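This briefing concerns the aromatic side chains of one protein model and the contacts between their rings. Please look at the sequence and the structure before reading on.

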Amino acid sequence: MAAPSSRVDGGDGGGGVGWWTMLLLAAVALRPAGAVSEPTTVAFDVRPGGVVHSFSQSVGAGDKFTCMFTYASQGGTNEQWQMSLGPSEDQQHFTCTIWRPQGKSYLYFTQFKAEVRGAEIEYAMAYSKAAFERESDVPLKAEEYEVTKTAVAHRPGAFKAELSKLVIVAKAARSEL
C-alpha cells in the first residue's frame, strides 16, 4: 500500500513537505540522543620490533567502557589489525574484539594483554588463528593465557607466541555508594 500523498501545503503540489516525511523527521528528532550506541571498529597497526605498544578505545555513554590492547611482537612488518567495541542497549555490557581481519598473524608475540575499564570480564577467549574465508577460529589452549576480572593476558612460559584474535564480553562494574 502506498503512503498517502496529501501534503502539508494542502496538496497543491507547490513544493510542500509530505506528511509522512514530516512524521519521520519528528520521530528522528524526538528519539533520545545516544539511546543505542552503535559498535565502533577502528583499524590500527600491530608493529614488530620487540617494543611494548598499546592501543585503546572507549565506547558507551561518556566513554563508560575502555578496552586496551598491550603487546610486544617480533618478525615481519606492520600488520593491520582492528578493534571493535560495542555496548549493549542497556549500557550494562560491552564487547571488545581485537583481531587481524586477514586471519592468521605472521608476527611472533612475546606478550599480550587486553584490559577493560569500567567493567568486569564475564567471558574471554584468545585465538591463534582468526576465521578467514572458509577457515574457522582456532582457539589458544587454555594453559596459554589467563583471564582475570579485568584482563586477558599471555601466560609466561606457556604461551606459544601465536595470536590473531581476542574476544571479551564484560559487564558494567558496580559502583559503591
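The model is predicted, and a search of the whole structure finds eight aromatic pairs in it. Two of these pairs are described in turn, each by the distance of the ring centres and the angle of the planes.

**A stacked pair between two strands**
- Phe-65 and Phe-94 form a stacked aromatic pair, with 4.6 Å from centre to centre and 15° between the planes.
- This pair links distant parts of the chain, given that Phe-65 belongs to strand β3 (residues 65-74) and Phe-94 to strand β5 (residues 93-99), 29 residues apart.
- Both Phe-65 and Phe-94 are buried.

**An edge-to-face pair between a strand and a loop**
- Phe-112 and Phe-159 form an edge-to-face pair, their centres being 5.1 Å apart and their planes 70° apart.
- Because Phe-112 lies in strand β6 (residues 108-117) and Phe-159 in the loop between β10 (151-154) and β11 (165-172), the pair ties together parts that are 47 residues apart in sequence.
- Phe-112 has a relative accessibility of 1% and therefore counts as buried, and Phe-159 is likewise buried, with a relative accessible area of 12%.

**A cluster and a charge over a ring**
- One aromatic cluster is formed by Phe-44, Phe-55, Phe-69, Tyr-71, Trp-81 and Phe-109.
- The ring of Tyr-127 has the charged end of Lys-165 sitting over it, 5.4 Å from the ring centre.

Technical notes. Residues numbered from 1 in each chain as written. Predicted model: local features only at pLDDT ≥ 70, side-chain atom pairs only at ≥ 80, totals over all residues. Heavy atoms only, no water. Phe/Tyr/Trp six-rings, centres within 6.5 Å; stacked < 30°, edge-to-face > 60°. Helix = DSSP H or I, 4+ residues; strand = E, 2+ residues; numbered from the N terminus. Buried < 20%, exposed > 50% of the residue type's maximum accessible area, 1.4 Å probe, protein only. Lys NZ or Arg CZ within 6 Å of the ring centre and 35° of its normal.
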